[in-house]
Amino acid sequence: MPAARNPRLRPITAAAVLAAGSLLLTACGSGGGGSAGGADTSAPLYGKLPAEIQKAGVIKVGSEVAYAPVEYKQGEKTVGIDPDLADALGKQLGVKFQIQDAGFDTLITSLGTKRIDLIMSAMTDNKDRQGKGVEFVDYFRAGTSILTQKGNPKGIHSLDDLCGQTVALQKATVNEEAAKTQSDKCTAAGKGAITIQGYEHDGEALLKLKSGAAVADLNDYPVAAYNAQTSGGGKDFEVVGEQIDPGLYGIGVAKDNTQLRDAVKAGVEALIANGEYAKILDKYNVKLGAVSSVTVNGGS
């Protein structure tokens with residue numbers, strides 16, 4: 001599990017900062033039309049961009065590329081939901097999106113000092129971050145999910161079904177907090193406490209689940225969905241029930257850059273309207289996280 005990104009969904013403990021500054025081009029403006037500084041002036045939403053972005057022809061995006069399937073490395077290439085969205089947004093806006101791989105805890109500072117123009121890093125929109133000078137264009141909903149063995153042999157559908165059972169998960173995360181809270185509820189209801197097996201890494205928890213030593217693993221929805229899709233060729237696990245306590249991922253924009261914020265919002269709305277957004281989420285098996293409308297600062 002990568003560095004702590006989100007007090008709701010990510011590990012609480014701090015993780016090592018990844019090396020910053022490696023640039024990867026993940027989107028290109030569509031061809032055919034005029035150009036200005038490498039931009040495609042004929043792109044549908046080019047005119048909505050701030051003049052300095054139009055002149056540069058580039059939007060610099062900060063991201064910690066270590067959180068499959070949202071953003072991760074495949075060899076030397078950066079792939080995932082956010083890079084695919086960046087590619088699609090670049091075609092709408094007519095400029096290149098350059099992803100800068102950096103430690104998650106540096107991203108808001110880099111946005112404030114204008115080293116980057118946007119944050120796209122599975123960052124949850126919340127009031128605390130808004131108070132640090134960030135506005136969010138909300139594009140995805142993610143909460144805690146329950147992962148079981150394929151076929152769900154124990155019939156787990158909700159947290160209530162975990163009473164008296166053994167659950168494996170990563171330690172020092174809000175998923176562990178959720179399990180402890182639910183265990184207290186189970187005890188109060190006379191249904192038996194949850195036996196919680198905590199591990200340093202979620203991979204260890206998955207091994208326990210796969211072996212049958214635990215009936216479930218609690219994890220962030222996109223990660224759970226990714227594991228269900230990829231582990232054992234999709235034959236090891238499945239996601240069951242609804243997301244628990246979901247929050248909104250947002251594309252972060254500096255509070256004083258309202259024109260860029262509005263351009264990005266229009267871009268995401270265009271991707272929802274033309275079906276590209278749905279295709280990207282389907283590609284990574286995370287369509288349950290889709291939003292039907294794009295909000296600004298909709299997080300709590």
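Me: Which residue with a positive phi follows helix 5?

Reply: Gly-190 follows helix 5, with a phi near 75°. Helices here are DSSP runs of H or I, at least four residues, and strands are runs of E, at least two, numbered from the N terminus. This is a predicted model: local features need pLDDT of at least 70, side-chain atom pairs count only at pLDDT 80 or more, and totals for chains, interfaces and linings use all residues. Residues are numbered from 1 along each chain as its sequence is written, and side-chain values use heavy atoms, with hydrogens and water left out.

Me: What span does helix 5 reach from its first C-alpha to its last?

Reply: The expected span is 1.5 Å times one less than the number of residues. Helix 5 has 15 residues and reaches 21 Å, close to the 21 Å expected.

Me: Why does Gln-182 count as buried?

Reply: Buried means under 20% relative accessible area, exposed over 50%, partly exposed in between (1.4 Å probe, protein chains only). Gln-182 has 5% relative accessibility, so it counts as buried. Gln-182 sits in helix 5, residues 174-188.

Me: Which residues is Gln-182 in contact with, leaving aside neighbours within four places in sequence?

Reply: Contact means heavy atoms within 4.5 Å. For Gln-182 the partners are Leu-159, Asp-160, Cys-163 and Ile-194.

Me: Which strands do the buried residues of helix 5 pack against?

Reply: They pack against strand 9 (134-149), strand 10 (166-170), strand 11 (195-199) and strand 12 (216-220). Among those buried residues are Ala-179, Ser-183 and Cys-186.
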